[in-house]
Amino acid sequence: MIALVRPVSKAFAHALVQDPTGCRPDPDRARAEHEAYVDALARLVDAVIEVPADDEAPDACFVEDTVVVAGGRALITRPGAPSRRGEVDAVAAALPAHLEVHRMRAPATLDGGDVLRVGRTLFVGRSGRTDAAGVEALRQVFGPVGYKVVEVSVRDALHLKCHASAVSDEVVLLAEGFADPALFDGVARVLTVHPDDAYAANIVAVGARVLVADGFPRVVDLLNSHGFDPMTVPVGEIARADGSLTCLSVLVSEAEDSRWPSVHP
Ligand code: CIR
């Protein structure tokens, strides 16, 4: 398994935020958190590949939104926020060579944060960022390689994965009240997170190891009690820009590609 990441932009203070009345996120604090995240992630994967920084793109570190990878294919997205559309080319250029790369065409929009892969199912949020044409593009690319695409309406959150994520191919973490757990019937067992801990329903997992946002001991206990091995990382400043753990990386299996030196050999 390899992970793609991208450094925090010098322009991070201008990242998109849902609550424009809040304080601006601080690039230096976010950079320190990002570095700790990359260090922790390096313990989960075989190699971490860094996409070159883009100091003109405030949201560039949220690399998850720019590409969806599954079944040996990559779909370069057309992000829902116009200000983020320039982020995709550098990510496309950094993808491992074994992937078959597809590009989403206008006017479709989709953010990777809306795509939750659980085994051979892609749950996709219809959110403020992802439209019907984006969902259809996802189906066109991943349907032929064996993925079922299931649309989920997302209200009260930026993305589907804000409050739901996959711990494994059989287990999903879901914030209580965010979506109907029955969605996952026949696909995965649902571990329910207390609504006060909804932010921490977004985790990054590889094998038994799980990265969890710092400050949510109930979620750590829940994961421990189901046999997982959680490790906490501080992401308070990242969260101020509406980011969470999955947003900061793209996981790609089949790590045999060796064109790229890892930042964590
Ligand atoms: C944005 O609004 O696009 C960024 N400030 C946050 C993106 C977070 N991405 C994600 O949850 N996948």
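Rings of Phe, Tyr and Trp (its six-membered ring) are taken to pair if their centres lie within 6.5 Å, with planes under 30 degrees apart counted as stacked, over 60 as edge-to-face and the rest as tilted. By this criterion, the structure holds 4 aromatic pairs. In one of them, the ring centres of Phe 12 and Phe 62 are 6.1 Å apart and the planes lie at 45°, so the pair is tilted. Phe 12 belongs to the loop between β1 and α1 and Phe 62 to the loop between β2 (47–50) and β3 (67–70), so the pair ties together parts that are 50 residues apart in sequence. Helices (H or I, at least four residues) and strands (E, at least two) are DSSP runs, numbered from the N terminus. Phe 12 counts as buried at 0% relative accessibility, and Phe 62 is also buried, with a relative accessible area of 3%. Buried denotes under 20% relative accessible area, exposed over 50%, and partly exposed in between (1.4 Å probe, protein chains only).

The model is predicted, with local features requiring a pLDDT of at least 70 and side-chain atom pairs counting only at pLDDT 80 or more, whereas totals for chains, interfaces and linings use all residues. Residues are numbered from 1 along each chain as its sequence is written, and side-chain values use heavy atoms, with hydrogens and water left out. The pLDDT, the predictor's confidence in each residue from 0 to 100, averages 94 for the protein chain, and 95% of the residues score at least 70. Over residues 255–265 the pLDDT is below 50, and this stretch has 24 contacts in the model beyond near neighbours in sequence. A contact requires heavy atoms within 4.5 Å. Where pLDDT is low, the predicted coordinates should not be read in detail.

The loop that carries Phe 12 also contains Ser 9, between β1 (2–5) and α1 (27–41). Ser 9 counts as buried because its relative accessibility is 0%. The side chain of Ser 9 reaches the backbone oxygen of Asp 54 at 3.2 Å and that of Ala 57 at 3.3 Å. A polar contact is a pair of N or O atoms within 3.5 Å; within protein, one must be able to donate a hydrogen and the other to accept it, and residues adjacent in sequence count only if both atoms are side-chain atoms. Residues up to four places away in sequence being excluded, Ser 9 touches Pro 27, Arg 31, Asp 54, Asp 55, Glu 56, Ala 57 and Pro 58.

His 34 is located in helix α1 and is buried, at 5% relative accessibility. With residues up to four places away in sequence again left out, His 34 touches Val 5, Arg 6, Pro 7, Val 8, Cys 61 and Leu 248. The C-alpha atoms of His 34 and Leu 245 are separated by 9.8 Å, although these residues are 211 apart along the chain. A further pairing across the sequence involves Asp 46, whose C-alpha atom is 9.6 Å from that of Ser 253, 207 residues apart along the chain. Asp 46 is found in the loop between α1 and β2 and counts as exposed at 56% relative accessibility. A polar atom of the Asp 46 side chain lies 2.4 Å from the backbone nitrogen of Met 1.

With a disulfide defined as a pair of cysteine sulfur atoms within 2.5 Å, the count comes to 0 disulfides. For Cys 61, the closest cysteine sulfur is that of Cys 247, at 8.3 Å, too far for a bond. Cys 162 is likewise in no disulfide, the nearest cysteine sulfur, in Cys 247, being 6.7 Å away. Cys 61 is buried at 0% relative accessibility, and Cys 162 is buried with a relative accessible area of 14%.

Backbone geometry was also examined. Most residues other than glycine have a negative phi, and most peptide bonds are trans. The peptide bond from Ala 106 to Pro 107 is cis, with omega near 10°, and Pro 107 lies in the loop between β5 (100–103) and β6 (115–118). Asp 156 has a positive phi, near 65°, and is situated in the loop between β8 (148–153) and β9 (164–166). Asp 156 is exposed, with a relative accessible area of 79%. For Asp 242, phi is positive and near 65°; this residue occupies the loop between α5 (236–240) and β15 (250–252) and is partly exposed, with a relative accessible area of 25%.
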